[in-house]
Amino acid sequence: MTQPSALTVPASLALMESHPIPEDWRHHHLLGLEHLTASEITLILDYAEALHRATENGRKKLDLLKGRTIANLFFENSTRTRNSFSLAAKRLGADTVEFSSSGSSVAKGETFIDTAKTIEAMLVDAVVVRHSSPGTPQMLSKHLACSVINAGDGPHEHPTQGLLDILTIRQHRGSLAGLTVAMVGDIAHSRTARSNIWGLLKLGAKVIVCGPATLVSKNWEKLGVEVSYSLDKILPRCDVLNLLRIQFERQAIRPFPSVHEYTLLYAMNQERIKKSKDDILIMAPGPINRGVELTPEVADGPHSVILEQVTNGIAIRMATLWLLLGRRLDAR
Ligand code: NCD
């Protein structure tokens, strides 16, 4: 049998096992979406859907990555991303190591690189890293031989979040091309915003970043996005709203006078839903703060796809792990 020549997903699980990874896929790490091409992004989305089907919506465990070990290295809090990577690894038959900075030797003065090398010496095949310093995964990728996956580096990138957001939109709309997607809220501190912007623009969507001027610089226009300070003005044009949490923990000074004022101007509520397109999609990477970036009726309402995003996260992370590790099953 011949190998698939381009970036396409094999038609069945059996073919996936015998033709591990498309020849043209060239990545050993997933550090961000900035440097992926549109076809590479599409390939990950296609693999995510294929693997989701192959695991029968999460009910069946595959053994595609049996014998592989994935380490979660989280130096920041996480509910969704960490558990999602763990489940994704397990659904592909891999083992997982869970590392948290609290309770580890980091608290005894060990350097970050020494800690990471120690985990790698336990013969792990990939480390999934979340850290408050931008560039941490890039730095790790230079020191470790195993694959490095960025699970959020400060305000820089969160590629699997961008991918799962984009997959959720594609499932509802078929294609990203020509859609208008607004990221609303704390753009300045959001790695989700950056990864979404790179991915959405490459797939042909129009992107608007919207929020208070203290959290949305005019400089974002240089990336090819529209900058707006008025949710009410852009609302009628939007196909998708991605509502970002205000990341108070990353801010030295409060970026607006009060949460109440923010909510009046930027929270998605029932009145604003009425002024939106009939089929608007309401998304949020989570954690959501009910009553701040959106009201409970909107979070739980018919336009919300927030929990679908969570489900899609596992599929995206399975696809990521398979694409990075599937070709090297005999490499260790
Ligand atoms: C985000 C994060 O940590 O980057 N959440 C997530 O991963 N689902 C966004 C946030 O913390 O607000």
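This is a predicted model: local features need pLDDT of at least 70, side-chain atom pairs count only at pLDDT 80 or more; totals for chains, interfaces and linings use all residues.
View 1. Strand S6 (residues 206-210) and S7 run parallel, joined by three bridges. Strands here are DSSP E runs of at least two residues and helices are H or I runs of at least four, numbered from the N terminus; two strands count as paired if DSSP finds at least two bridges between them.

A word on the ground rules for all the views: residues are numbered from 1 along each chain as its sequence is written, and side-chain values use heavy atoms, with hydrogens and water left out. Local features need pLDDT of at least 70 and side-chain atom pairs count only at pLDDT 80 or more, while totals for chains, interfaces and linings use all residues.

View 2. Five strands line up in the order S7-S6-S5-S8-S9, with parallel pairing. S7 (226-228) and S9 (281-283) are the edge strands, each pairing on one side only. On average, neighbouring strands are turned by 20° against each other, direction ignored. Helix H6 (residues 159-173) packs on this sheet and touches S5 (180-184), S8 (240-243) and S9, with a direction about 165° from that of S9. Contact means heavy atoms within 4.5 Å; axes are lines fitted to C-alpha atoms, for helices over the stretch in contact, and angles between N-to-C directions run from 0 to 180 degrees.

**View 3. Strand S1, covered on both faces.** Six of the six residues of S1 (residues 69-74) are buried, so the strand is largely enclosed by the rest of the structure. Buried is under 20% relative accessible area (1.4 Å probe, protein chains only). Thr-69, Ala-71 and Leu-73 sit on one side, and Ile-70, Asn-72 and Phe-74 on the other.

**View 4. The parallel neighbours of S1.** Six bridges tie S1 to S2 (residues 95-100), and Asn-72 stands opposite Glu-98 of S2. Five bridges join S1 to S3 (residues 126-131), again parallel, and here Phe-74 has Arg-130 as its bridge partner.

**View 5. Helix H7 and its two ends.** At 1.5 Å a residue, the twelve residues of H7 (residues 191-202) should span 16 Å, and the end C-alpha atoms are 17 Å apart, which agrees. The expected span is 1.5 Å times one less than the number of residues. At the start of H7, a side-chain oxygen of Ser-190 comes within 3.3 Å of the backbone nitrogen of Thr-192. Just after H7, Gly-204 has a positive phi of about 95°.

Technical notes. Buried means under 20% relative accessible area, exposed over 50%, partly exposed in between (1.4 Å probe, protein chains only). A polar contact is a pair of N or O atoms within 3.5 Å; within protein, one must be able to donate a hydrogen and the other to accept it, and residues adjacent in sequence count only if both atoms are side-chain atoms.
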